[in-house]
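Visitor: I have a structure open and would like to learn to read it. Please walk me through it.

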Amino acid sequence: MISKSKKLIYLFATLFLLLLGIQVYFMYKTYQVKERDIYRTINDRISNFTDRLENVHDSQEMKSDSLQKIIIQYYNKEISKKEFIHHFMEDRKASREKLNHYVDDRLKKDGYQISVRIQYNSIIHLPDSTKVIDKPIIIYESKDKVKKPKITSTGTWRTSSTKELKGEEETNERDTFFVTSQTDFEIKNIKSLVFKELTLLIICCIILLVSVLLLYISTIKNLIKQQKQVEVLHTIVDNISHEFKTPIATLKIASKTLKKGWNPETLPLIDRQISRLENLMLQLHKDEIPDEIIAVTPEDWDFFIQDLAFTYPQIDFKSENKVSEILPFDKNLMETVIKNLCENSIKYGASAVSVNTNILSQHLEIKVSDNGQGMESRELKNIFEKFYRIQSNNIHNSKGLGLGLYFVKKIITSYHGKIDVSSQLGKGSTFKISIPYEN
């Protein structure tokens, strides 16, 4: 069973890690798709805006030919390169301001932190294919510089001079120039934007994984708990005789005593042991406190010890009974408490057991001490659990069902009392019980 549980744990760990890997891969791919979607949306918006600016600018150029004249002057070496770039930039000043306003205001209002750069890579005089510029000219760049452009788009357009002839526009092909432009941009806060949109999905994935993990942990705990109970229950048939050993052994001894001769104390002892057997059967099968109450008398405390001494003649029992009144406790239950504690001491190696009973401030005080093998401190919190038995190297060293101390604790609790235990290995154990009562 244990090996099967380990295999199940290893199998789940493997499957859980596989599920975790799938979830991480799925989230990574979703992140990439969402990132591309955001970049595609922004690219379309910027491209549409710059196209509108170019259309407006081209309409103006068709009327003024100012840009065309500048390019022709530079091509004819009538102005220097520095003057050409200056005039070129001035010609695009209005468009730059509109684009800057669009990037800084409108897109930022939508939560985007964008860096944009627009440059002309080449200007070619078409008739003779002569390059007008040697390297790209940056027409526009936002305040935040573009460091790692995620999307680059290119465009081409032609510029030519026009003249009006008989109410119609005629293009001068000799002064036609071919311009190649490039737009680069990146979104600085792309990660926060993507994670913001994926927050719900991430939370759902985490909840799913945590739920699966907690469900498995709960299942394993229940499996282990049930496994322990099943293992204990399988030993009940083999160990049941040990639990009934004391009353049965006492009855056998009493029977032999009667055969040898009449003893007036033997019949009451037999009655007590029969009552003891009935009580044990009730505890094992019903696991309940009986409704009928037989009050415990002062002499009953002595009878409890006498019966034990009769059954275990090799054990040195010492009893000090200071109870002098009838107490409102069930006799059978008190006998169970005393005998279970004493038999527990005998079971774990005690050769001498001391039982003291006393009344103190409307409390019944019971103290049971022994010189047995004692217990480790880590065992003390578990000894009152049902079916629990002290183990050494995972092996039960003594026979029993592990019900004795469980019944003791249950009886004491039912009377709103408390039980404390102290123990040292090799020096024995001491159980102290205090039960409140009213006359």
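Guide: We take the sheet, a helix and the surface in turn. This is a predicted model: local features need pLDDT of at least 70, side-chain atom pairs count only at pLDDT 80 or more, and totals for chains, interfaces and linings use all residues. Residues are numbered from 1 along each chain as its sequence is written, and side-chain values use heavy atoms, with hydrogens and water left out.

Visitor: In what order do the strands of the open sheet lie?

Guide: Terms come before the case. Helices (H or I, at least four residues) and strands (E, at least two) are DSSP runs, numbered from the N terminus. Two strands pair if DSSP finds at least two bridges between them. Here 5 strands make an open sheet, ordered E7-E9-E10-E14-E13, with mixed pairing. Strands E7 (316–321) and E13 (418–424) are the edges, each pairing on one side only.

Visitor: How many bridges join E10 to E14?

Guide: The number is 7, and these strands run antiparallel. Isoleucine 366 faces isoleucine 433 in E14. E14 (residues 428–436) also pairs with E13, again antiparallel and over 7 bridges. Serine 423 stands opposite serine 429 in E14.

Visitor: Where does helix H12 lie?

Guide: Angles run from 0 to 180 degrees between N-to-C directions, and axes are lines fitted to C-alpha atoms, for helices over the stretch in contact (heavy atoms within 4.5 Å). H12 (residues 404–414) lies across E13 and E14, at about 145° to E13. Just after H12, histidine 416 has a positive phi of about 60°.

Visitor: Is asparagine 189 buried or exposed?

Guide: Buried means under 20% relative accessible area, exposed over 50%, partly exposed in between (1.4 Å probe, protein chains only). Asparagine 189 counts as buried because its relative accessible area is 13%. Asparagine 189 sits in the loop between strand E5 (168–187) and helix H5 (190–197). Not counting residues up to four places away in sequence, asparagine 189 touches Gly111, Tyr112 and Gln113.

Visitor: What about leucine 8?

Guide: Leucine 8 belongs to helix H1 (residues 2–64). Leucine 8 is partly exposed, because its relative accessible area is 41%.
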